[in-house]
Amino acid sequence: MELVLLRYLHPRMVFSSSEALNFLNLEKGYKGELKSDVWLKGLTDEWIILSDLSLEYNGSKFQIDTLIIACEKIYLLDIKYFEGDYTIKDDKWYNPAGILQKNPLHQLERCETLPEKIAARIRI
């Protein structure tokens, strides 16, 4: 939803450098998710593919890019569309310009942990 809003605003206003960077990152992320969707179209009909899920558990909101439900497994995909050579120092990620970025592995851990908690609660 944020990307849609920014697409409307972009031609009508000048973004600050941080707003422009956020817009660019959202656009790139969306393009990455579209590419992922194209790659997944080749999967068999026996798999259920759910895309762009927004969920909440115990007041914590989280988003799952793609959830694939197969016969005996569930696959969680967190799509990233990074470009360039990233550097990792002490568990911190730096983009090619040397700017500190959010660690994508932390987001993936969160997206794995919360559904596990939900599944454990459903089994009770």
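**Close-up views of a predicted model**

**View 1. Lys28 sits in helix 2, which covers residues 17-40.** Helices here are DSSP runs of H or I with at least four residues, strands are E runs of at least two, and both are numbered from the N terminus. This is a predicted model, so local features need pLDDT of at least 70 and side-chain atom pairs count only at pLDDT 80 or more, while totals for chains, interfaces and linings use all residues. Residues are numbered from 1 along each chain as its sequence is written, and side-chain values use heavy atoms, with hydrogens and water left out. Is Lys28 buried or exposed? Lys28 counts as buried because its relative accessible area is 17%; the cut-offs are under 20% for buried, over 50% for exposed and partly exposed in between, with a 1.4 Å probe and protein chains only. Leaving aside residues up to four places away in sequence, Lys28 touches Tyr81 and Glu83 (contact means heavy atoms within 4.5 Å).

**View 2. Five residues make up the largest nonpolar core: Leu53, Tyr57, Phe62, Ile64 and Leu67.** Strand 1 (48-57) and strand 2 (60-69) are the elements that give two or more residues to this core. Strand 2 has the largest share, with 3 residues. A core of this kind is a set of buried Ala, Val, Leu, Ile, Met, Phe, Trp, Tyr and Cys residues joined through side-chain atoms within 4.5 Å.

**View 3. Here is an open sheet of 3 strands, in the order 4-5-6, with antiparallel pairing.** At the edges are strand 4 (87-89) and strand 6 (100-101), each pairing on one side only. Two strands pair if DSSP finds at least two bridges between them. How many bridges join strand 4 to strand 5? There are 3, and strand 5 takes in residues 92-94. Look for Lys89, which stands opposite Lys92 in strand 5. In general, strands of a sheet pair through backbone hydrogen bonds, either parallel or antiparallel.

**View 4. Lys73 lies in the loop between strand 2 and strand 3 (74-77).** With a relative accessible area of 52%, Lys73 is exposed. Lys73 and Trp47 are 26 residues apart in sequence, and their C-alpha atoms are 10.0 Å apart in space.

**View 5. Tyr8 belongs to helix 1, residues 2-9.** Tyr8 is exposed, since its relative accessible area is 56%.
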